[in-house]
Amino acid sequence: MRKDLLGLEDLSREEIEEILNQAEIMREHLDKGEINLDYAKGLSVVNLFYENSTRTRTSFENATKFLGANQVNIAVGNSSVAKGESMYDTVRTLESIKNSIVVIRHSMAGAPQYIAKKVDAHVINAGDGQHEHPTQALLDMLTMRRYFGRINGLTVAIIGDIKYSRVARSNIFGLLKMGAKVKLFGIKTLMPKGIDEMGAIVCDSIEEAIQGSDVVMGLRIQLERQTSGQFPTVKEYFAEYGITLDRMKLASDNAIIMHPAPVNRGVEISGEAVDCDKSMIFEQVTNGLAVRMAIIKLMAEGEDVSNQEC
């Protein structure tokens with residue numbers, strides 16, 4: 001594996017498969033209740049989150065703990081960052097006290113890439129602005145592969161706030177490389193110009209997007225990233241763009257529903273769709289833990305931990 005995991009745009013199909021194969025092994029450990037592993041014993045992993053997060057941060061925390069690594073969580077609001085310290089100086093300081101892996105989430109696109117060039121520590125992108133969220137796309141692909149036994153040949157519909165979604169971008173990069181077809185649909189004000197140049201198919205209606213799809217993935221409406229005038233009322237949005245069990249009848253017979261969460265029930269997806277037997281939303285959470293364990297394990301391989309402080 002590469003020194004850093006910054007995005008899926010630059011990864012090859014073989015590199016993605018390596019992570020997914022390792023994640024399958026980690027998932028087997030989790031299913032057996034084996035959470036006292038030593039694959040990363042002696043390493044230190046720091047979670048540096050400049051944006052609020054619950055699922056991703058907690059997932060990385062548990063992945064670190066289950067692999068036997070030392071864990072450091074930085075509350076950015078209470079750290080030296082709040083006193084004016086630069087992101088670069090913060091990461092260099094953390095590296096100097098022997099943190100081997102830095103997991104960073106930042107509102108600025110390109111922040112993890114910038115840091116990765118400056119430090120020797122491994123850097124994992126946990127979401128940067130509107131750019132990428134690679135571990136989310138990897139767990140999405142793991143979920144699909146475990147259910148269908150493959151990714152190649154699947155048709156995946158991604159519906160919702162495409163413009164502000166780093167999840168959508170990473171999934172487009174990853175799924176196309178793995179041989180899937182990607183269809184997109186969303187309100188026009190939330191559909192970025194030129195997105196079709198990435199290789200995805202932009203649909204004119206939610207029915208067109210869902211029709212014949214094997215996977216229907218809803219995206220959270222990210223009101224915190226939007227400006228006024230881009231979004232109708234919640235009731236109007238759900239009526240026109242919401243994923244419902246009735247609309248799912250257009251999908252393939254064995255289709256599944258996915259969502260990166262947190263889910264806004266009754267906004268981008270109905271509560272019945274979240275809880276139905278087609279829903280893989282909570283399965284995705286467990287697969288996210290397996291993927292993050294896999295990435296940390298792969299980064300730990302080959303590291304000399306004999307002189308690292310515990």
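A salt bridge is defined here as a side-chain nitrogen of Lys or Arg within 4 Å of a carboxyl oxygen of Asp or Glu. The structure is a predicted model, in which local features need pLDDT of at least 70 and side-chain atom pairs count only at pLDDT 80 or more, whereas totals for chains, interfaces and linings use all residues. Residues are numbered from 1 along each chain as its sequence is written, and side-chain values use heavy atoms, with hydrogens and water left out.

A search of the whole structure finds 14 salt bridges. A network of such bridges links Glu24, Arg27, Asp31, Arg145, Arg146 and Glu283. Within this group, arginine 145 meets glutamate 24 at 3.7 Å, N to O. Because arginine 145 belongs to helix H5 (residues 134-148) and glutamate 24 to helix H1 (residues 13-31), this pair ties together parts 121 residues apart in sequence; helices are DSSP runs (H or I, at least four residues) numbered from the N terminus. Arginine 146, also in H5, forms a salt bridge with glutamate 24 at 3.0 Å, N to O. Arginine 145 is buried, at 16% relative accessible area, while arginine 146 is partly exposed, at 33%; buried means under 20%, exposed over 50% and partly exposed in between (1.4 Å probe, protein chains only).

A further salt bridge joins glutamate 207 and arginine 247 at 3.7 Å, N to O. The two residues lie in helices H7 (residues 206-210) and H9 (residues 245-248), respectively, 40 residues apart. Glutamate 207 is partly exposed at 37% relative accessibility, and arginine 247 is buried at 15%.

The largest nonpolar core comprises 63 residues, of which Leu138, Met141, Ile158, Leu184, Met293 and Ile296 touch the most other members. Helix H11 supplies the largest share of this core, 10 residues. Such a core is a set of buried Ala, Val, Leu, Ile, Met, Phe, Trp, Tyr and Cys residues joined through side-chain atoms within 4.5 Å.

Lysine 297, located in H11, is buried at 9% relative accessible area. Not counting residues up to four places away in sequence, lysine 297 touches Gln22, Met26, Tyr39 and Leu67, contact being heavy atoms within 4.5 Å.
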